[in-house]
Amino acid sequence: MAKDVVVVIGAGGIGVAIARRQGFGKTILLADFNEKTLQAAAEDLMGESYTVSTHHVDVSSRESVRSLVDAAAALGAVVQVVNTAGLSPNMAPPERVLAVDVYGSAVVFEEFERVIAPGGAGLIISSMAGHMLPAPIGDVYRTMIAASPANRMAPPEEIAIAASYLLGPDAGFVTGSDLLIDGGVIAAMRAGKLPAPG
Ligand SMILES: NC(=O)c1ccc[n+]([C@@H]2O[C@H](COP(=O)([O-])OP(=O)(O)OC[C@H]3O[C@@H](n4cnc5c(N)ncnc54)[C@H](O)[C@@H]3O)[C@@H](O)[C@H]2O)c1
């Protein structure tokens, strides 16, 4: 019998941490735009005994996402879809950031809707920047972290723990909502502990 399939789009730090946590006993379909990143992450996971398939995808292309959906459905029941693919403003021009982070996220959910298994779950890992006005840069991030209650950054594994809850049966009533995981940066900003950006 085919194993259930967990699709993880974006083979970066957070994507791989989520794949590790969600992939026990399942087929992980790992997808990324960057072929080198994708293959390196897949090799790491396979070296740790996970079952992994890979697929090249550009989430800003509906056609490319459709090809990923077909590949996922061919592997087995698609029980979880996690989109971690994303670009920060320092990595690409605004139009590309919007195409990948905003349009791409919508396309992923729209296209996976036709194959997601009953009771399945979808999750987008995005950025606290969505809670801000104009995005800060460089030293401003250090200032934000210093002013936040947690006073530190989070390793990808800490995000994967929250993802595990959101993807699992305990979060069955949590849907269409947004969990802010930022060590209190936005709260500090709203409380006037640091200057609002812009
Ligand atoms: N790491 C952090 O501190 C942090 C903080 C806040 C938000 N985020 C956001 O969370 C998400 C995941 O973070 P991460 O640290 O794993 O990032 P990462 O940069 O390590 O991984 C993102 C992956 O997305 C891939 N990608 C980029 N464009 C793509 C496209 N068009 N199609 C498919 N794949 C594409 C990249 O090749 C990369 O492997 C990102 O959106 C990031 O902006 C990360």
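This is a predicted model: local features need pLDDT of at least 70, side-chain atom pairs count only at pLDDT 80 or more; totals for chains, interfaces and linings use all residues.
**Notebook: a parallel sheet and a ligand shell**

Residues are numbered from 1 along each chain as its sequence is written.

**Strands**

I checked how β1 and β2 pair: they are parallel, over five bridges. For me, two strands pair if DSSP finds at least two bridges between them. Helices (H or I, at least four residues) and strands (E, at least two) are DSSP runs, numbered from the N terminus.

Next I moved to the other neighbour of β2 (residues 27-32), which is joined to β3 by six bridges, again parallel. Here Leu30 stands opposite Thr54 in β3.

I then wrote down the whole sheet: it is open, has five strands in the order β3-β2-β1-β4-β5, and its pairing is parallel. The edges are β3 and β5 (116-124), each pairing on one side only. From one strand to the next the twist averages 15°.

**Helices on the sheet**

I looked at α1 and found it packed on the sheet, touching β1 (5-9), β2 and β4 (78-83), with its direction at about 170° to that of β1. α6 lies across β4 and β5 and runs at about 150° to β5. Contact here means C-beta atoms, placed from the backbone, within 7 Å. The axes are lines fitted to C-alpha atoms, for helices over the stretch in contact, and angles run from 0 to 180 degrees between N-to-C directions.

**How covered is β1?**

I counted five of its five residues as buried. My cut-offs: buried is 20 or more other C-beta atoms within 10 Å of the residue's own, exposed is 12 or fewer, and partly exposed is in between, with C-beta atoms placed from the backbone.

**Whole chain**

I listed seven helices and five strands, running β-α-β-α-β-α-β-α-β-α-α-α from the N terminus on. Of the 198 residues, 31% count as buried. Among contacts with a separation of 6 or more, 69% come from residues 24 or more positions apart. The C-alpha atoms fill a box of roughly 55 × 35 × 35 Å along the principal axes.

**Around the ligand**

I found 24 residues surrounding the ligand, the closest being Gly12, Ile14, Phe33, Ala85 and Gly86. A residue is near if its C-beta atom, placed from the backbone, lies within 6 Å of the molecule. α1 (13-22) and α4 (94-112) each supply at least two residues of this shell, and α1 gives the most, with three.

Ser49 is not a glycine, yet it has a positive phi of about 80°. I placed Ser49 in the loop between α2 (35-47) and β3 (51-56). Is Ser49 buried or exposed? It is exposed, with 9 other C-beta atoms within 10 Å.

Asn151 also has a positive phi, about 55°, without being a glycine. Asn151 sits in the loop between α5 (139-147) and α6 (156-167), and counts as exposed with 11 C-beta neighbours inside 10 Å.

Methods. Two residues are in contact if their C-beta atoms, placed from the backbone, lie within 7 Å.
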